Every structure is written in structure tokens, then in C-alpha cells.
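Student: I would like to learn how to read a protein model. Where do we begin?

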Amino acid sequence: MKGFGSKHASAAGLPFAGIPPEMVEKTNALMEDEPDFNDLQLTFSHRAGEEQTFSLINFLSPYKYRMLGALGLVGMTEALLLLGPYLVKVAIDDAIIPKDFDVLIWVAAAWILSLFVAGFVSGFRQRYVGRLGQLLMYELRIRVFAHLQRLSLDFFTKEKAGRLMARMTSDIEALSNLLQNGLVNLVAQTLSLLFIIGILLSFNIKLTLILLVIAAPVMLVMTVWFKTVSAKGYANVRNRIADVLADLQESLAGMRLVISFNRMKHNIISHRNRVGDYRDANNYTARVSATYSSATMFVDSATTIIILAVGYLILVDINPTLDPQGAFTVGALVAFANMVSRFFKPINSLVGLYNEFQSGNAAVIKLRELLGTPPSVQEKSDPIEIEDMHGDIKIRNVSFRYDANEPVLKNLSLHIEAGKSISFVGPTGAGKSTLAKLIARFYDPNEGSILIDDYNLKDLSIKSLHKQLGVVPQEPFLFHGSIKDNIRFSNMDASSDDIMQACRAVGIEDLIERLPQGLDTPCHERGSSLSSGERQLLALARAFLSKPRVLILDEATSNIDQQSESKIEQALDNLLEGRTAIIIAHRLATAMRANIIAVVKDQGIVEMGSHTELIDRRGYYAEMHKTWMQQNAGTNLGQQ
Ligand SMILES: Nc1ncnc2c1ncn2[C@@H]1O[C@H](COP(=O)(O)OP(=O)(O)OP(=O)(O)O)[C@@H](O)[C@H]1O
Ligand SMILES: [Mg+2]
């Protein structure tokens, strides 16, 4: 339990003293209560084709013996439950007609006993099957999550987060239903159907055939109708709920904008439409199911009447004396009529199960698609582990486009020497961030290559590359957790002292001291309780702590006021010292900090050189500089 109790110790400036002796016992008791999550043997790789395609068979095969166990329990319960109607026959033919009360007592006792045993077995079965289902879901959730972690950035910009959430919730839920109820019921009902047909055949073959010939075709027609219509309905339901979730997620995430642009009403209307569509889709499937179940109820009663009538004719024909030991008896006829609804029940639930299979199957298909999506940035099969990178970056004739759009960069070449810093300036949307993302290998170029220390990025192990690369993105993201956790994110081994040092370097120690809980202050919802400048400073501290060989600062100081920025100038210089750095900045004061300035414009680099060189060239940069100077002069005048 590293760090236990360190909160107060470090706040008071004391070294970590471990768990106080009087608390050791309680801590151990607490640890024993920790839930035991069995370890999953998950392999993680950025390569494609290493994962098995997802199918129910593949997914379930490791659990085949446990599933067989579950099936055994299911078969036992069904057989025990069918004993009842058979005992009715015995009671009538062997006890009531011969007026033998002792036999009746025995029959009653046997019936009660069978119910007890059935109750016990079925309770056990429910617990057993439930646990198995939960285990499967646990594994599936982790597998999907792990897969999401290995996908590349482009996937997450294309896919709506809400839809992914739907995959994780309703699709996995549907699959869980299928595994926990569906499969078990399928087996249970099929077994029970077979048992019933067996018993009925033993009563009377002709009557059984009549039942099968009359009931089966009618049921079949109804089932086929129901299947086709409800399949369509269910696909609709799943899509609509995904839309509802996507809409919800988006409007929650964008709440600030919603409020400031008064889009509330508009949002309510659009959400109402989505929810309305979902309701309609559900109503439709409910209507279809209702029609189907009332129709089956009618068929059920009609068949019972027919069986009684035909059964009576057969009875007087082959056993006119109603001999209880005859080939067909009164007891058999009563038991037979009793069993008609029991015969329909499995057929009915098997059809009802069809819905569950439908949505389970839709979920399997969607999950297979998701799990089958390869990461677009892939690792080679035997990647080079790069250690102690120097950070010499060569970009050779690189072209890149997002999807099928116009290329953002075309035939761009650039050499950034190890240990040097370069800044990218240029108009909005020119491709500065894109170029940085290519260097960090968030995307692969469509043409050309990028080399780091003369290794092609594609040949390197992605993990080893990212370990030595620090990226401070345009919009820093803070995770749920304390400020300390967020800074330590880049280097989990960092001590509290290291963290404080990083904070001091970027000048946020004042802020941290001001906060009631210091470093342990929680960051609420993506750090919305901090200002954007403070968030950027935290992100800088995070980068500072990881001490990367190559540092990419994408507008990393854009929200920090100039005074604070000049205060952290020293820290930034420290941070950049000896590292290859790529600084993207709109603010020229920031851009000038680099050794070289490159103007990214018109799908490439149009000017490059030191500040003075570029001023002398009288190009885009000189123009930018002029505007900036004029603006500065204006501000100064305004202040006077
Ligand atoms: N994920 C994406 N999918 C499709 N197009 C994208 C994507 N990201 C960026 N673009 C497009 O690529 C172009 C370059 O974007 P980029 O973010 O690199 O610009 P930038 O130079 O960093 O701009 P800024 O100064 O505003 O940060 C833009 O036209 C943008 O619309
Ligand atoms: Mg950008």
C-alpha cells in the first residue's frame, strides 16, 4: 500500500512514514475485503490480425465444461417438472378408478417430493448460470475496453462517443441476456418439448400425431410471420437507442455552449424526436409480440378442445369398458389434455427467445465489427525498441490527407536536428497540428516517410516511441482524480518531491498552495474547476515530469497570459534544453523562442529560418511580425 497516509505526512512536510502501527490491523482487514478480480490473460498489441474474430463459439469455448454443467442442471429441472402430468395419469388409472387410496397417497408424496427436488435444483441452476453469465460479461467488457485502447486516434474522431457507449452498455447487456437466459432457455425448452412429445407418444400415438399435424403448421406460420416482423423491429430499436445515447452524451458534454447559445429549447426538441423514435420502435415490437401471443392463446384453447373430442372418440373406440389398464385410458386422456398447454409453452417461449437471439445476434455482429477494426496505425511484427533516442527528425516528401479530403500536407520535407527546437507558425487550419501528429505517429503519412534517428517511424515499437515523446496538446485533458494523479500521469514512479518540482518549474506552486487540499485537490469533470491557463500549466508540468527526448507543444501556452508565460520562460528553456522540441504557436513571442521558425502554409512549408532571416525575406512571417508589432504598439498606446 504505497502512499497510504502520505497525504497528511507530505502536507506537513514530513517524509512518508508508512502506516501507523495502530492502523496496521485495520488496513489488513480492509485489504482482505477487497474484491478478488481474477486476472485476465489479455494480450495487447498494435498489430492487426492477432485477435481472433469475435464469435459466440470462440468466445464461449473456454467455458464449455461449465456450460455443459449448466445444461445438465437444466435438463434435470425440466424432467422433474414434467413428472406432474404423468402422475395425474397414474392417480386416475391406478388409484381413483380402482379406488385404491394407498396408491393415491404414494402418488401425492412422489409429486410433492419431485417439486421439492425440482425447486432445489432450479435454485442451484439459477445461481450457477447467473455467475457464469456474469463472468462472461466481465471478460467481454474488458476485452472491448482493451480493444478501444489499442485503436488509433482517427477511430475516435470518426466514431461518436455515444455510439461507443451504446456498444458498451446496451449491446453487451443484450448479449448478457442472451447468454444468461437465452441459451439456457433454448436448451431447457427444447428438452422439455422432446420430453413432452415422448410422454404423449407413450399415451397415444394417433392423438399425438393429430396434435403435431394440427398445431405444428399453424404455429409455424405464425412463427415465421413473427420472426420476420420482429427482427426488423428489433434492429430498429437498437439503432434508435444508440441515437438517443449519442444525443444525450453530446449535449451533456457541450452543456456550456448549449446554455450560452440558448440552444436548450432546440436541444429538447431534437432529443424529444430521438426519444419519440425510440418509443415508436418499442411500441411497434410490443404490438407485434402482443398480436402473436394472443393468437397463440387462441390456438392453444382450440387445440385442447379438439384433442378432448378426438381423444374421446379414440377412447370409446379402443377401450369401450374404460379399463384403467387398457391401451388408452381416462387418465391418459386427462393427462394428454393437460399437456396441450405444456406442449405449446416451449414452442411459445422458443419463439419468444427469438427476440432475444435477434438482439443478441445484432450485438454480436456489432461487437465483431468493433473488435475486428484494426488499429490504423499498426506496429510491425518485430518492431525496433528504440532506447535513448537523440531526437533527430527527418521528414521526407510527406503527403497526408484525412479520409478522402483535399490533402492537408503535400510533399513536405523537413529536417529537425537533435536537440534543436523549431516552431511552426502559419494560418489557422494550415496543418501545423497535423504535422505534429504525424511526427508523434498518431497517423501514418499517405506518402513519404518520417525518420527519427534514421529509423522509419513505422519500424519502431509504438510504445518505445511514445515513451520518449512528450505531447502537450492544444486542449489539455484532465482525468478524474487529484491534481497529483494528473501530473503523475506521464510518470507513475515520480515522487511527491518530483511533482512539486515540476509544479515549481511551471510556476503553479502558488496555485497548489492556495488550494485547500493542495496536490490532492480533485479535478472535477475534466478539470472544469480550473481555468484553461491553469490546465495548460498542469499539462506542461506533466510533460516536464516525463522528461521526454522529443517534446511537442501544440499551442501549449496559448491560454497563459504573457506575464505568466514570461515567468515560466526560464522553466520552458529548462524544459527545452537539450531536447528536440516542436513548438506550435500563434503568438510570435512564443514562436521566437525556438532556434528555427517554419511557416506552414499552402500544404507545405513556405518559409524557414531564424527570426531575423525571415524578417529579411519580407514574406508571410515578416508580414505577421509587422501586424503583431502594430497591434502591440496599439495596446501600449491604449494603456497610456
Ligand atoms: N480528424 C480530422 N479529420 C478530418 N479533417 C481534419 C481532422 N483534423 C484536422 N482536419 C483538417 O485538417 C486541416 C489542418 O488541421 P490542423 O489541425 O492541422 O490545423 P492547424 O494548422 O493546427 O490549425 P490551428 O492553428 O487552428 O490549430 C484543417 O483543414 C482541418 O479541418
Ligand atoms: Mg492546431
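Tutor: We go through a helix, an aromatic pair and a ligand site in this predicted model.

Student: What is found at the start of α9?

Tutor: There, a side-chain oxygen of Asn-204 comes to within 3.0 Å of the backbone nitrogen of Lys-206.

Student: How many aromatic pairs does a search of the whole structure find?

Tutor: A pair of aromatic rings is described by how far apart the centres are and by the angle of the planes. The search finds eleven pairs. One of them joins Phe-226 and Tyr-292: the centres are 4.4 Å apart and the planes at 20°, so this pair is stacked. It links distant parts of the chain, since Phe-226 is in helix α9 and Tyr-292 in helix α11 (residues 264-318), 66 residues apart.

Student: Which residues come nearest to ligand 1?

Tutor: Of the 13 residues around ligand 1, the nearest are Gly-429, Gly-431, Lys-432, Ser-433 and Thr-434. The shell divides into four nonpolar, eight polar and one charged residue. Helix α13 (residues 432-439) gives the most to this shell, with three residues.

Student: What lies 2.6 Å from an oxygen atom of ligand 1?

Tutor: An N or O atom in the side chain of Ser-433 does. The protein covers 68% of the 640 Å² of accessible area that ligand 1 has on its own.

Conventions. Residues are numbered from 1 along each chain as its sequence is written. Chains are lettered from A and ligands numbered from 1 in the order in which they are written. This is a predicted model: local features need pLDDT of at least 70, side-chain atom pairs count only at pLDDT 80 or more; totals for chains, interfaces and linings use all residues. Side-chain values use heavy atoms; hydrogens and water are left out. A polar contact is a pair of N or O atoms within 3.5 Å; within protein, one must be able to donate a hydrogen and the other to accept it, and residues adjacent in sequence count only if both atoms are side-chain atoms. Helices (H or I, at least four residues) and strands (E, at least two) are DSSP runs, numbered from the N terminus. A residue is near a molecule or strand if one of its heavy atoms lies within 4 Å of it. Accessible areas come from the Shrake-Rupley method with a 1.4 Å probe; for residues, only the protein chains shown count as cover. Ala, Val, Leu, Ile, Met, Phe, Trp, Tyr, Cys and Pro count as nonpolar, Asp, Glu, Lys and Arg as charged, and the others, Gly among them, as polar. Rings of Phe, Tyr and Trp (its six-membered ring) pair if their centres lie within 6.5 Å; planes under 30 degrees apart count as stacked, over 60 as edge-to-face and the rest as tilted.
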